Amino acid sequence: NDYILAWDVAINLRYPSGVETSGTLIRCLAFGRPVVVFNYDSFTDYPDDSVVKLPLDTLNTDQLEQALLRLARDRSCREDIGRAAASYTAKHHAVEDCAAEYARFIEMTYSGGRG
């Protein structure tokens, strides 16, 4: 967590993806860090104001370079994205809510789906 707090921007260009949720991405967003991701698979589900989405192109780095330069030069842009990221994460990835969903699923499974 200390490393995440030291960053201004994170890069999470996961490819290929198993359509899983990225724990590192969620942690970065929760700490209010703008994260650059590919606009691909599960990453398309994140609001556009909460992450910086790049088209999936693993061979061309121009768009990554442009995104990083924009973020490096524009502190208010970084802060706006960071605030939106933290807000989104607090609303949709709260540990308490996740634990409650797991408990609900376990209860439903244990009761044979009659929950």
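This section describes the fold, the sheet and selected local features of a predicted model.

The chain contains five helices and three strands. Read from the N terminus, the elements follow the order α-β-α-β-β-α-α-α. Along the principal axes, the C-alpha atoms fill a box of roughly 55 × 30 × 25 Å. Of the 115 residues in the chain, 32% are buried. Among contacts with a separation of 6 or more, 53% come from residues 24 or more positions apart.

Confidence was examined next. The chain has a mean pLDDT of 93. A pLDDT of 70 or more is reached by 97% of its residues. Among the elements, strand 3 has the highest mean, at 98. Helix 5 has the lowest, at 90.

The three strands form an open sheet with the order 1-2-3. The pairing is parallel. Strand 1 (10-12) and strand 3 are the edge strands, and each pairs on one side only. On average, neighbouring strands are turned by 25 degrees against each other, with direction ignored. Strand 2 and strand 3 run parallel and are joined by three bridges. Valine 36 has valine 52, in strand 3, as its bridge partner. Helix 3 (residues 62-73) packs on this sheet. Helix 3 touches strand 1, strand 2 and strand 3. The direction of helix 3 makes about 165 degrees with that of strand 3.

Aromatic contacts were then considered. A search of the whole structure finds two aromatic pairs. One of them joins tyrosine 46 and tyrosine 88, with ring centres 5.7 Å apart. The ring planes lie at 65 degrees, and angles over 60 count as edge-to-face, so the pair is edge-to-face. Tyrosine 46 lies in the loop between strand 2 (35-38) and strand 3 (52-54), whereas tyrosine 88 belongs to helix 4 (residues 75-92). The pair therefore ties together parts that are 42 residues apart in sequence. Both tyrosine 46 and tyrosine 88 are buried.

The geometry of helix 5 (residues 95-110) was checked against its length. This helix has 16 residues. The expected span is 1.5 Å times one less than the number of residues, so helix 5 should span 22 Å. Its end C-alpha atoms are 22 Å apart, which agrees. Just after helix 5, glycine 112 takes a positive phi of about 80 degrees.

Conventions:
Residues are numbered from 1 along each chain as its sequence is written. This is a predicted model: local features need pLDDT of at least 70, side-chain atom pairs count only at pLDDT 80 or more; totals for chains, interfaces and linings use all residues. Side-chain values use heavy atoms; hydrogens and water are left out. Rings of Phe, Tyr and Trp (its six-membered ring) pair if their centres lie within 6.5 Å; planes under 30 degrees apart count as stacked, over 60 as edge-to-face and the rest as tilted. Helices (H or I, at least four residues) and strands (E, at least two) are DSSP runs, numbered from the N terminus. Buried means under 20% relative accessible area, exposed over 50%, partly exposed in between (1.4 Å probe, protein chains only). Two strands pair if DSSP finds at least two bridges between them. Axes are lines fitted to C-alpha atoms, for helices over the stretch in contact, and angles run from 0 to 180 degrees between N-to-C directions. Contact means heavy atoms within 4.5 Å. pLDDT is the predictor's confidence in each residue, from 0 to 100.
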